[in-house]
Amino acid sequence: MASDIELSRAVERVQPSATLAVTAKAGEMKRAGIDVIGLGAGEPDFDTPDHVKEAAIQAIHDGKTKYTPADGIPELKEAICAKFKRDNDLDYTPAQINVSPGGKAVIFNAFTATLNPGDEVIVPAPYWVSYPDMARLAGGDPVFIPCGPDSKYKLSPEALEKAITKKTKWLVLNSPSNPTGAAYTKDELRALADVLLKHPQVWILTDDMYEHLVYDGFDYWTIAQVEPGLYDRTLTMNGVSKAYAMTGWRIGFCGGPEKLINTMRKIMSQSTSNPCSISQWASVAALNGDHAFLKERNDVFKSRRDLVVKALNDCEGLSCMTPEGAFYVYPSCAGVIGKTSPGGAKIGSDKDFASALLEEEKVAVVFGEAFGLSPAFRISYATSTEALEEAMTRIKRFCAGLK
């Protein structure tokens, strides 16, 4: 009988993605015929725009199905440079652009290129579940800064200053945030930049994936735009997944210092090689094409956000802030801890709450512990209004039945 393979110590430091696990569980229940409402998936329910799909079809007909340069075709890099200038007033050359198979790959490759054992990565909490584990896989140590409701789930300059040490290599900023939807104003980024200017060893990875999903007239800024003095040590990351409803196409991109970009390309040349050629040509069309559809879709997202926030605040024991962007809310469930569900489950944590809600009301949410800040849970409102209305009815009924 073959013996078990010995796993690497790096992998043993990593946990599976909780968001993917919840989405998979909801999918299994649906396939089993159970009427479950999944609010875990972080992807738009809208379809990829027609002009983007047509560009992909044309690329297939034109035979653009071969290997490309490891980190992206020149046409896409030019489109990304134009996007950064148009949307963020940031000047990058194609040599400063990396295109990867998804935003995750951008972050993973950046960490792999720069982190050594003992290096620290500051991660404000709550955080997207993959940041800390990607830092661990690359040999670094995540350092968490709790950013709760009192700070509107945003990092303060005082907390940042206190967390920085000689070992700090990166700060991760995500605005608008997954899981909270909180977004930093220009003044808030200015205050963080003032701290970072005093610590030249700290690099900034700014995850701007939800840049175009902001509401109520929010004025979007990214940190290298606010403080040009940080340009040479900022990796500005984005992608087509969220704004263009292209999650499955797997295209993320970033702009940054040429030395770092070159090293990321070297890693890709020995790991993934190029992102999908067809997806790259589709992304050219997405970035260069008509963006009029964004307003219509954002209007729908805003109405769903308002529906969900109001309904959650009407639930006994829950409270929910109104986020500036993305398509998530992050309600506190502190008021239900210690209670017992209608089905007899003891609610000792947000994980217990999410488990009982799924079991008893067939609503799938992601518990806050997975994002590093409890007691809370994440809801994605990137699903139909009808499904959200039914889900809110079920959640309200569940909370009303807690004893």
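**Accessibility, salt bridges, sheet and pocket**

Me: Why does Asp87 count as partly exposed?
Reply: Asp87 has 25% relative accessibility. Buried means under 20% and exposed means over 50%, so Asp87, at 25%, counts as partly exposed. The model is predicted, and the value is computed from it.

Me: Why does Lys83 count as buried?
Reply: The relative accessibility of Lys83 is 2%. The cut-off for buried is under 20%, so Lys83 counts as buried.

Me: What makes the contact between Lys83 and Asp87 a salt bridge?
Reply: Their side chains meet at 3.1 Å, N to O. The limit is within 4 Å, between a side-chain nitrogen of Lys or Arg and a carboxyl oxygen of Asp or Glu, so this pair qualifies.

Me: Where do Lys83 and Asp87 lie?
Reply: Both are in helix 4 (residues 74-88). They are four residues apart, about one turn of the helix.

Me: What makes Lys310 and Asp314 a salt bridge?
Reply: Their closest N and O atoms are 3.3 Å apart. The limit is within 4 Å, so the pair qualifies. Lys310, at 55% relative accessibility, passes the cut-off of over 50% and therefore counts as exposed.

Me: How many salt bridges does the structure hold?
Reply: There are 27. One of them joins the side chains of Asp47 and Lys53, at 2.8 Å, N to O. Asp47 has 47% relative accessibility and Lys53 has 27%; both values lie between 20% and 50%, so both residues count as partly exposed.

Me: What makes strand 11 and strand 12 a pair?
Reply: Two bridges join strand 11 to strand 12 (residues 377-380). At least two are needed, so they pair. The two strands run antiparallel, and Val366 has Arg378 as its bridge partner in strand 12.

Me: Why do strand 9 (328-329) and strand 11 (366-367) stand at the edges?
Reply: The open sheet has three strands in the order 9-12-11. Strand 9 and strand 11 each have a single partner strand, so one side of each is left without a neighbour in the sheet.

Me: What volume does the largest pocket have, and which residues are closest to its centre?
Reply: The volume is about 540 Å³. Of the 25 lining residues, Gly42, Lys104, Trp128, Lys242 and Arg250 are the closest to the centre. By class, the lining has eight nonpolar, eleven polar and six charged residues.

Note on methods:
Residues are numbered from 1 along each chain as its sequence is written. This is a predicted model: local features need pLDDT of at least 70, side-chain atom pairs count only at pLDDT 80 or more; totals for chains, interfaces and linings use all residues. Side-chain values use heavy atoms; hydrogens and water are left out. On a 1 Å grid over the protein atoms alone, a cavity is a set of points where a 1.4 Å probe fits but cannot get out, and a pocket is an open set with protein on both sides within 12 Å along at least five of seven lines; lining residues have an atom within 4 Å of a point. Grid points are joined across faces, edges and corners, and a volume is the space filled by probe spheres set on the points. Ala, Val, Leu, Ile, Met, Phe, Trp, Tyr, Cys and Pro count as nonpolar, Asp, Glu, Lys and Arg as charged, and the others, Gly among them, as polar. Buried means under 20% relative accessible area, exposed over 50%, partly exposed in between (1.4 Å probe, protein chains only).
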